[in-house]
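The following exercises concern a predicted model. Please study the sequence and the structure before reading each solution.

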Amino acid sequence: MIEKGKISAFQMGIMIYMVVVATADLLVPAVSFKEAKRDMWLSPFWASLTGFLIVYIIYRLNRIFPKKTIIEYSVDILGTIPGKILAFLYLFYYLNINGNIIRVYADFVVGVFYIKTPMVVVIASMVLVCAFAVRGGVEVLARAAQVFIPIVILLWVFTIVLIIPDLQVKNMFPLLEKGIMPSIKGSFLLQGWFTHVALLAILLPFLTDREKGMKSGMISVFIAMLILTLGNIIALCLFGGITGTFTYPLMEASRYISIADFLEHIHAIAMAVWVAGAFIKISLFYYALVLGSAQWLNLSDYRPLVFPLGFVLVLFALWSAPNMQELSTITKRSTIFYNNTFHTVIPILLLLIAVVRKRKKDTIQGK
């Protein structure tokens, strides 16, 4: 194996949780409100069902190919040429989706905090920091996630506690006034975040306790669902019918906090949470791209690819869209199809083909 590092199922669970929640926590309330309205609190539950399904599918594939990533076992399942083509499409997907993630991060930082800072500076600085983490390998990424997660949780809990006195529970009523369909419609775009748990296909081969892999993944999806549900409830109870007018409702909620003209500017906490989470998420997709590219090219080491692909990531982030509005439009039109194709549909087809071939092989050997 190119990667010699090992991680625990617990560390993997933390990374998967941050992949889902990192860029979703500030965006999901506005996204789900536009379709679900008062029933937005239920949308993360419906979206999480996709995440649970993906964890199961990827884990089953890993049971068949325990020491291989999806880049490698695509060739085993489909054959050399079709498998290499599919693997290349996955690499392009990792490049494109990470470019979009970096651009969303940069738009947030520049639009909310560093208005006069050139976009390319914010993008390049984040990619450079992530590049050093990726060169360190999967163990470094796991330890970074393990260090950041308690900080992120403590900061969010601190912010939520300060907001509680201003929450109006009446903004949630009447519940399910138009049935469950609005909440289901509100979950469609949210699925895009939950499909990212498919990075398990890159991480599972490096577990020291593989038998705990599915349990850890399922717990991560469940906790992510609870956190996003809580975020939706807070935004709805605080802003009511105007929740959808904000791009980052929870950021606005943190700006709302003011206690005795002393405890203010809490929005800096939201930025710290966003940056920490974005760092882990970008690094993991970056790592998937670099490791997968090395495996696709049959290299003995992935590290020489880190900085060249980092430069390409910067270009993709800059080219992904001219502004946040355009990127949001592109995302709404393509996310459901794009993410579900690579993270749900293709893994299901690969599993079906692998199971059928395995049964045929067992039958022949039995004869």
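A helix is here a DSSP run of H or I with at least four residues, and helices are numbered from the N terminus.

**Exercise 1.** Determine which helix gives the most to the lining of the second largest pocket.

*Solution.* 
Step 1. The second largest pocket has a volume of about 540 Å³.
Step 2. Its lining consists of 26 residues, and those nearest the centre of the pocket are Tyr17, Ile149, Ile153, Ile223 and Ile227.
Step 3. Two or more lining residues come from each of helix H1 (9-21), helix H7 (138-163), H11 and H12.
Step 4. With 10 residues, H11 gives the most to this lining.

**Exercise 2.** State how the lining residues of the second largest pocket divide into nonpolar, polar and charged.

*Solution.* The lining of the second largest pocket holds 19 nonpolar, four polar and three charged residues.

**Exercise 3.** Decide whether Thr243 is buried or exposed, and identify the residues that it touches.

*Solution.* 
Step 1. Thr243 lies in the loop between helix H11 (213-239) and helix H12 (249-256).
Step 2. A residue counts as buried under 20% relative accessible area. Thr243 has a relative accessible area of 0%, and therefore it is buried.
Step 3. Leaving aside residues up to four places away in sequence, Thr243 touches Pro29, Ala30, Phe33, Met40, Ala235, Leu236 and Pro249.

**Exercise 4.** List the buried residues of helix H2 (residues 28-36), and describe the phi of Lys37.

*Solution.* 
Step 1. Val28, Pro29, Ala30, Ser32, Phe33 and Ala36 are the buried residues of H2.

Conventions: Residues numbered from 1 in each chain as written. Predicted model: local features only at pLDDT ≥ 70, side-chain atom pairs only at ≥ 80, totals over all residues. Heavy atoms only, no water. Buried < 20%, exposed > 50% of the residue type's maximum accessible area, 1.4 Å probe, protein only. Contact = heavy atoms within 4.5 Å. 1 Å grid on protein atoms, 1.4 Å probe; cavity = no way out; pocket = protein on both sides within 12 Å on 5 of 7 lines; lining within 4 Å. Points joined across faces, edges and corners; volume = space filled by probe spheres on them. Nonpolar A, V, L, I, M, F, W, Y, C, P; charged D, E, K, R; others polar.
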